Amino acid sequence: RFYPNGFGSSTRGITAGGSPAPSAFTTSIEYTTIASLGNAVSFGNLTLGRERASGCSSPTRGIYAGGRSPADQNIIEFVTIATTGDAIDFGDLTVARADSAGQSSLTHGYTSGGSTIPSNVNVIDKFPFSSDANSVDVGDLTVARNVVSGQSSSTNGYTSGGDAPLYLTIDKFSYRDWE
């Protein structure tokens with residue numbers, strides 16, 4: 001499938017959403033057990049089939065946020081990584097968007113950048129892993145861009161790259177500024 005996204009823990013890697021064909025958005029969630037070889041196994045379903053969402057995770061929860069189906073979405077949903085089952089909607093992003101990056105601190109998930117048809121987004125949203133809540137806009141990237149990549153360390157989130165036009169920018173933000 002095209003444009004899925006994922007998240008994981010030390011024991012499982014999880015892939016969700018995407019498009020198996022143009023204009024066909026899947027709700028499928030699958031997992032692999034990291035310590036063994038084998039094919040992906042069905043985990044459950046998203047509440048809404050979509051592609052181009054961002055993923056992030058805590059040790060217990062995996063988050064799938066935003067995306068396109070074909071309209072831009074603001075939905076934030078989670079699964080409990082150690083079990084199987086359908087995703088649960090627990091909040092909304094501040095801006096409906098696709099092609100954003102996901103970052104993870106120990107206590108919060110972040111979604112940065114992305115696109116809304118027809119423009120790019122510079123917003124950095126934060127939401128808690130431990131409770132159901134809408135996201136909060138906590139800052140901005142240095143430049144609005146989409147199709148970005150997200151990275152996480154124990155203290156910082158990073159948003160790198162981007163498309164339309166090609167961006168060679170890496171933004172860094174400190175979790176402690178917002179937690």
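## Strands and overall shape

How many helices and how many strands does the protein chain have? This predicted model has 0 helices and 17 strands (DSSP runs numbered from the N terminus, with at least four residues of H or I for a helix and at least two of E for a strand). The radius of gyration is 15 Å, close to the 16 Å that the globule rule gives for 179 residues, so the chain is as compact as a globular protein of that length. Here the radius is taken over C-alpha atoms, and the rule is 2.2 Å times the number of residues to the power 0.38.

Along the principal axes, the C-alpha atoms fill a box of roughly 40 × 35 × 30 Å. Buried residues make up 50% of the 179; buried means under 20% relative accessible area, exposed over 50%, and partly exposed in between, using a 1.4 Å probe and protein chains only.

## How the model is read

Residues are numbered from 1 along each chain as its sequence is written, and side-chain values use heavy atoms, leaving out hydrogens and water. Because this is a predicted model, local features need pLDDT of at least 70 and side-chain atom pairs count only at pLDDT 80 or more, while totals for chains, interfaces and linings use all residues.

Let's look at some backbone details. Most peptide bonds are trans, and most residues other than glycine have a negative phi.

A cis peptide bond joins Ser-69 and Pro-70, with omega about -10°. Pro-70 sits in the loop between strand E6 (61-65) and strand E7 (75-80). Another cis bond links Ile-117 to Pro-118, with omega about 15°; Pro-118 belongs to the loop between strand E11 (115-116) and strand E12 (119-120).

## Two positive phi angles

Ser-23 is not a glycine, yet its phi is positive, about 60°. You can find Ser-23 in the loop between strand E2 (12-16) and strand E3 (28-33). Is Ser-23 buried or exposed? Ser-23 counts as exposed, because its relative accessibility is 69%.

Val-147 also has a positive phi, near 50°. Its place is the loop between strand E14 (136-140) and E15, and at 42% relative accessibility Val-147 counts as partly exposed.

## Contacts across the chain

Among contacts (heavy atoms within 4.5 Å) between residues at least 6 apart in sequence, 44% join residues at least 24 apart.
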